[in-house]
Amino acid sequence: MHRKCVDIIMIDDVYSKEYKSALYEAQKNQNFDELKEIFANCQKRLDEKLEFLKQTLDYIQKYEVDMNPNQSM
């Protein structure tokens, strides 16, 4: 049995237009340079978002922030 490795790439709204253009260029002219750059930028943005999420969760845990929406302030 053969296994395939699949990378999942998140293209968010910031790079959507550039991604579509780079994908068209890659398909039309077999030029993948722009597409690779867009993927790298998207990965960097995702890493930044995940780091922010981690920091937020660490803060919530450290200070025992109650996330119960029914609790009044």
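User: Is Phe39 buried, partly exposed or exposed, and what is the relative accessible area?

Analyst: In this predicted model, Phe39 has a relative accessible area of 26%. Because buried means under 20% and exposed over 50%, Phe39 is classed as partly exposed. Tyr19, at 24%, is also partly exposed.

User: How is a pair of aromatic rings described?

Analyst: One gives the distance of the centres and the angle of the planes. The whole structure holds two aromatic pairs. In one of them, Tyr19 and Phe39 lie 6.2 Å centre to centre with 35 degrees between the planes, a tilted arrangement. This pair links distant parts of the chain, since Tyr19 belongs to helix α1 and Phe39 to helix α2, 20 residues apart. Tyr59 and Tyr63 are also tilted, with ring centres 4.7 Å apart and planes at 50 degrees. Tyr63 is partly exposed, with a relative accessible area of 49%.

User: Which quantities describe two packed helices?

Analyst: Helix α1 (residues 16–29) packs against helix α2 (residues 33–62) at about 150 degrees, the axes being 8 Å apart. Their crossing is left-handed. By class, the contact comprises seven nonpolar, no polar and three charged residues.

User: Which residues make up the largest nonpolar core?

Analyst: In soluble globular proteins, nonpolar side chains tend to be buried together. Here the largest such core has five residues: Ala22, Ala26, Leu35, Ile38 and Cys42. Helix α2 supplies the largest share, three residues.

Notes: Residues are numbered from 1 along each chain as its sequence is written. This is a predicted model: local features need pLDDT of at least 70, side-chain atom pairs count only at pLDDT 80 or more; totals for chains, interfaces and linings use all residues. Side-chain values use heavy atoms; hydrogens and water are left out. Axes are lines fitted to C-alpha atoms, for helices over the stretch in contact, and angles run from 0 to 180 degrees between N-to-C directions. Helices (H or I, at least four residues) and strands (E, at least two) are DSSP runs, numbered from the N terminus. A crossing is left-handed if the near helix is turned anticlockwise from the far one by less than a right angle, and right-handed if clockwise. Ala, Val, Leu, Ile, Met, Phe, Trp, Tyr, Cys and Pro count as nonpolar, Asp, Glu, Lys and Arg as charged, and the others, Gly among them, as polar. A nonpolar core is a set of buried Ala, Val, Leu, Ile, Met, Phe, Trp, Tyr and Cys residues joined through side-chain atoms within 4.5 Å. Buried means under 20% relative accessible area, exposed over 50%, partly exposed in between (1.4 Å probe, protein chains only). Rings of Phe, Tyr and Trp (its six-membered ring) pair if their centres lie within 6.5 Å; planes under 30 degrees apart count as stacked, over 60 as edge-to-face and the rest as tilted.
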